[in-house]
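Visitor: I would like to talk about charged pairs. Please show me the protein.

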Amino acid sequence: MSWICAVLAVLCTLVTVLGGSVLGDAKARSCAEVRQAYSAKGFSLSNIPYQEISGEHLRICSKGYTCCTSEMEDKLSQQSKLEFENMVEETSHFLRTTFVSRHKKFDEFFRELLENSEKSLNDMFTRTYGQLYKQNSEVFQDLFAELKRYYTGGNVNLEEMLNDFWAHLLERMFQLVNPQYQFTEDYLECISKYTDQLQPFGDVPRKLKIQVTRAFVAARAFVQGLTVGREVANRVAKVIPTLGCIRALMKMMYCPYCHGLPTVKPCNNYCLNVMKGCLANQADLDTEWNLFVDAMLLVAERLEGPFNIEAVLDPIDLKISDAIMNMQDHSLQVSAKVFQGCGQPKPMKPTRRTRSTSENFNLRFRPYSPEERPTTAAGTNLDRLVTDVKEKLKLAKKFWSTLPYNICNDDKVTAGVPDEEDCWNGHTKGRYLPEIMNDGLTNQNNNPEVDVDITRPDTMIRQQIMALRVMTNKLKNAYNGNDVNFQDSIDEASGSGSGSGCTDEMCSPESDISITEAPPGPNKSEPKDSSVRPCPHWLVILVTSVLLVLQRQWR
């Protein structure tokens, strides 16, 4: 039996020696490849192990044998956070630059269009009407100043502003066609107060009011929409990952380093779950974002068609000229009706200056010839701008919900779908088995990779959702020709009020002068509210009879 014990002792010794040798080989696995990859990231190789060490000190990666020290894990964790933020910024670069560049182009175009339109009118009216225009040019300057103020976000009611313009123009014109009279401020106020009844400028003010209001509301809303899109995209693209997200990013991107597998990239589906967890709040923006983009596309179509601001501003000088010519042609009828309603003005002593003004007015006021109009094109065409921005906006749809897919489809980030067996699954090299989560915060409750608190939505994202909702409402109003800031005002385009419901220039034009009743004089009282009317006789008789019957009953 002694020889059996001796053999067993030898075998035990061999097992111990061989086992120690095998374990020693396992512990001594080289970290050369990890050191090279770590150095390529710009980190120092000082205190970086040459061979695997025990991983008891690791907080994120598994605690087996590792090539990572605690310092390495911390640095790689910060690196994963930085790279994730850069990935989101790079992936959203196209979206952000689209809104920045298109806002700049549209804003420059609209401003230049206004400047050119004003310059065109000033040049043509100076050449055609001479000194008479220069003496009254502030009326037109005020018109363009208010249009600019509206476009840049000023609190301007376009309809009221245009009504004031025609009223002031009528005051000036009336004095020019009647230089033999002197007019008090009260008399001029009487004239301007009833511009709508006099209709001295024919149908031009009504048509121009509809066209200008629609075009400017659409143009301002569209540029404001580009501003909001730019601001939302810039803010949302600056992601601040949570601690749970940072841990998941480190595990996905750099725990392969700690396992000695620095060249193995994450599995595509694994990446998707990490990104869906880290970008859960961004995905919640998608619904409102898509509605916003749809509203922008609708207004863009309006800018191409009936609300084309270029088509309105380009010939505005001709339209105002037509209105002035209409006033001159019907000056006798207009004057007679004004004198009837506002009273006979006091005659002015004839002077040489008075006679020359009247003669000059009748001589110089004439229609424009088309060839006299200077070019107002700013070297750009609105249709081209709109076509371009529509193509870009269509690409912006569903951007935030597809952001994880756009990031994970990058072959620099993941191994790709064909290499699902040869990728990092969070634990080792192999297939990733968990299912892919749905989009949005509430769907991350069971995300296997990222610890997401679904009860705490991101405040900044919720603010951006509200900003998009408000802007979408403005765009929808602009699409319908309504200014959201003045929705209670009468919208002629809708056919409300006492009009016939005409919505465009296809309606048959009304007569140039349609005065059915003389306007009341400056001292006459305003017409009473139509709701205050005398009680009909039958109602009085009925009430009296009821009272008599009740009186008998009480007795």
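Visitor: Is Arg102 buried or exposed?
Guide: This is a predicted model, where local features need pLDDT of at least 70, side-chain atom pairs count only at pLDDT 80 or more, and totals for chains, interfaces and linings use all residues. Residues are numbered from 1 along each chain as its sequence is written, and side-chain values use heavy atoms, with hydrogens and water left out. Buried means under 20% relative accessible area, exposed over 50%, partly exposed in between (1.4 Å probe, protein chains only). Arg102 has a relative accessible area of 12%, so the residue is buried.

Visitor: Which residue forms a salt bridge with Arg102?
Guide: A salt bridge is a side-chain nitrogen of Lys or Arg within 4 Å of a carboxyl oxygen of Asp or Glu. Here the closest N and O atoms are 2.7 Å apart, and the partner of Arg102 is Asp388.

Visitor: How many residues apart are Arg102 and Asp388?
Guide: Helices are DSSP runs (H or I, at least four residues), numbered from the N terminus. Arg102 sits in helix α4 (residues 93–129) and Asp388 in helix α19 (residues 382–396). The pair links distant parts of the chain, 286 residues apart.

Visitor: Is Lys119 buried or exposed?
Guide: Lys119 forms a salt bridge with Asp123, and both lie in helix α4, four residues apart. Asp123 is partly exposed at 29%. Lys119 has 53% relative accessibility, so this residue counts as exposed.

Visitor: How many salt bridges are there in the whole structure?
Guide: Another one joins Glu231 and Arg235, with the closest N and O atoms 3.9 Å apart. A search of the whole structure gives a total of 28.

Key:
Helices (H or I, at least four residues) and strands (E, at least two) are DSSP runs, numbered from the N terminus.
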